[in-house]
Amino acid sequence: MEFIAAHDLDEALAAKADRPDATLLSGGTDLMVDVNLAHLRPSPVISLRRVLELRAVTPERIGAGATWAHLESSPHAALAQAARTVGSPQIRAVGTIGGNVATASPAGDGLPWIAAADATIAVRSVERGERSIPWHDFFSGVKRTSLASDEVIVGVDVPDDVPKVQEFSKVGIRNAMVISTVSCVVMRGPDGFRIALGSVAATPMRAARAEAFLNAQPRISDTELAELAEIVAAEVRPITDHRSTEAYRRHASGVIARRLVERCVSR
Ligand SMILES: Cc1cc2nc3c(=O)[nH]c(=O)nc-3n(C[C@H](O)[C@H](O)[C@H](O)COP(=O)(O)OP(=O)(O)OC[C@H]3O[C@@H](n4cnc5c(N)ncnc54)[C@H](O)[C@@H]3O)c2cc1C
């Protein structure tokens, strides 16, 4: 296996321009599973571990190399909550948000927050420089993205109007070290509620109908919350697979969306 350890972003970008077939390596917590279990033999591999520029986190940009351990203390409450649920301390110490975004698993726990925040994915290449891709254009299917072969994800760009009141929750088959069966982020700001879900469609999704319903209510009581849960359950697009059934995912989506809305209302 040919291994290129990039020392900075320019070196990484140059290596990717030179070898667009190369596989990028950040924390390796997704990639090495494929190497070990699916007998993937990527070559060359460009390691981003030493690229310090990618680890920087500012109010405007979460660097692709920011680890979950770092994001556990993010000022964005729901992102911090999501970070705390990823894997184990060992996984969070090396696993990155950039790897989560690039893998684009429907169960990626960082993705509902990105959708609720209406964030954009910043990508860079030697040839075209930097471009910003809205999250809904970036995620194009199960483990599919619009990242070009010569590009590196440099970060998640955070709009300045992300609501401060936000909550994350996920449902899985146990309480820890679990891949989400359903995950959800709810945010409440001056423009109303935002609801995003993961593991219930090929890509992360916003529950637009549920948001419109909720934001049209003059007050939110148990009646509206019950209706909201039904709308969310109808709006998601889950499948039945080895982790859960479509019916359970629909039900759980409504339940956790309702709970998170209740938490946001009470804050
Ligand atoms: C035991 C275990 C538990 C886990 N639990 C969870 C969990 O609870 N929730 C969850 O969401 N995930 C979980 N994961 C999956 C994984 O930890 C996360 O998706 C993590 O964020 C991946 O980041 P990484 O840096 O390790 O990515 P890597 O494995 O290094 O890379 C993953 C993919 O992204 C590409 N890539 C990496 N960085 C970039 C970049 N900057 N630009 C372009 N492409 C890039 C790589 O080429 C590769 O295809 C778990 C994994 C394991 C092994």
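In this predicted model, helix H9 (residues 208–215) packs against helix H10 (residues 222–235) at an angle of about 165°, and their axes lie 8 Å apart. That angle makes H9 roughly antiparallel to H10, and the crossing in which H9 passes H10 is right-handed. On the H9 side the contact is made by Ala208, Arg209, Ala210, Phe213 and Leu214, while H10 contributes Glu224, Glu227, Leu228, Ile231, Val232, Ala234 and Glu235.

A second topic is the packing of aromatic rings. A pair of aromatic rings is described by the distance of the centres and the angle of the planes. A search of the whole structure finds one aromatic pair, formed by Phe138 and Phe139, whose ring centres are 5.1 Å apart and whose planes stand at 85°, so the pair is edge-to-face. Are these two residues buried or exposed? Phe138 counts as buried because its relative accessibility is 0%, and Phe139, at 5% relative accessibility, counts as buried too, since the cut-off for burial is under 20%.

| Residue | Relative accessibility | Class |
|---|---|---|
| Phe138 | 0% | buried |
| Phe139 | 5% | buried |

Burial can also be followed along helix H4 (residues 77–85), where the buried residues are Ala78, Leu79, Ala80, Ala82 and Ala83. H4 is followed by Gly87, a residue with a positive phi, near 45°.

Key:
Residues are numbered from 1 along each chain as its sequence is written. This is a predicted model: local features need pLDDT of at least 70, side-chain atom pairs count only at pLDDT 80 or more; totals for chains, interfaces and linings use all residues. Side-chain values use heavy atoms; hydrogens and water are left out. Axes are lines fitted to C-alpha atoms, for helices over the stretch in contact, and angles run from 0 to 180 degrees between N-to-C directions. Helices (H or I, at least four residues) and strands (E, at least two) are DSSP runs, numbered from the N terminus. Angles under 35 degrees count as roughly parallel, over 145 as roughly antiparallel, 65 to 115 as roughly perpendicular and the rest as oblique. A crossing is left-handed if the near helix is turned anticlockwise from the far one by less than a right angle, and right-handed if clockwise. Contact means heavy atoms within 4.5 Å. Rings of Phe, Tyr and Trp (its six-membered ring) pair if their centres lie within 6.5 Å; planes under 30 degrees apart count as stacked, over 60 as edge-to-face and the rest as tilted. Buried means under 20% relative accessible area, exposed over 50%, partly exposed in between (1.4 Å probe, protein chains only).
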